[in-house]
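Please look at the sequence and structure before reading on.

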Amino acid sequence: MRIFDPHIHMTSRTTDDYERMAAAGVRALVEPAFWLGQPRTNVGSFTDYFDSLVGWEPFRAGQFGIRHHATIALNPKEANDPRCREVLGVLPRYLEKDGVVAVGEIGYDSMTPQEDEAFAAQLQLAVEHELPALVHTPHRDKARGTERTLAVVRESGIDPGRVAVDHLNEVTVAAVAGSGCWMGFSIYPDTKMTAERMVHILREFGLERMLVNSAADWGRSDPLLTRRTGEAMLAAGFSDDDVDRVLWRNPVEFYGQSKRLDLADVETDATFEGNSILRGGS
């Protein structure tokens, strides 16, 4: 089973996690810029963080044979802090980096006017830089937040096929399925979505434009729940090819629109087995 985790916050994880992920079949991932838990108070703290996403984390992942890519943005929560708004001005230089495959996470936290402005501005950056967009739906009032998200996407003029709307559930998936956007699901131990519920959604809505991720941030989470979802799909009667489509080919198709994916030496089973030997000797 080969796995491309399309949304995982490895800054919050240890090298032990990278090792476990590689052993479980994770060969590539995308790490979106997000809120770190502690409020940032100036633009410099963001640029240091962005630099780590395009420099240090790819190095850490590469030690375990995993290809690391990133998305860059001002996240919705911190879009409300006037001390952080200047970050919008530094984004263009990071959106030109080779390993940056989308603008994200953008979208909503509390659905404020400030978040509206930052969301629209960053969708425009995605259009200008010919990048996909990764959109965060709010934790609260999720149905209304998803409707508002889709309205802003329509108003922006971006091709909906270049937008992934993430953190969906049974209440919000139908609206996104009908919009032409990609559907993202974060599999968590206690919240958001479980592997078993994900299987039911795949049965109802099919495999097209589906993205399954572990998110795996600093809260209670598990970077191996993509693997668990694949196993649950097989147990429910889905084929190996179905699992490969959801866990590998779909994220490759979505982020491949950036024309910046680097998957050399990680797509074939033989090469990945070779990488595991290298990991054992490191």
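How much space lies in the largest pocket? About 330 Å³ lies there. This is a predicted model, in which local features need pLDDT of at least 70 and side-chain atom pairs count only at pLDDT 80 or more, while totals for chains, interfaces and linings use all residues. Residues are numbered from 1 along each chain as its sequence is written, and side-chain values use heavy atoms, with hydrogens and water left out.

On a 1 Å grid over the protein atoms alone, a pocket is an open set of points with protein on both sides within 12 Å along at least five of seven lines, a cavity is a set where a 1.4 Å probe fits but cannot get out, and lining residues have an atom within 4 Å of a point. A volume is the space filled by probe spheres set on the points, which are joined across faces, edges and corners.

The largest pocket has 18 lining residues, and Phe34, Trp35, His136, His139 and Asp217 lie nearest its centre. A search of the whole structure also finds 1 cavity of 30 Å³ or more. Its lining includes Pro6, His7, Asp166 and Tyr255.

A nonpolar core is a set of buried Ala, Val, Leu, Ile, Met, Phe, Trp, Tyr and Cys residues joined through side-chain atoms within 4.5 Å. Buried means under 20% relative accessible area, exposed over 50%, and partly exposed in between (1.4 Å probe, protein chains only). The largest nonpolar core holds 73 residues, and Phe50, Phe185 and Met198 have the most contacts inside it. A second, separate core has 14 residues, among them Ala28, Val101, Ala102 and Val266.

Phenylalanine 4 counts as buried because its relative accessibility is 0%. Contact means heavy atoms within 4.5 Å. Beyond its neighbours within four places in sequence, phenylalanine 4 is in contact with residues including Ala28, His69, Trp248 and Tyr255. Arginine 67 is 63 residues from phenylalanine 4 in sequence, yet their C-alpha atoms are 9.1 Å apart.
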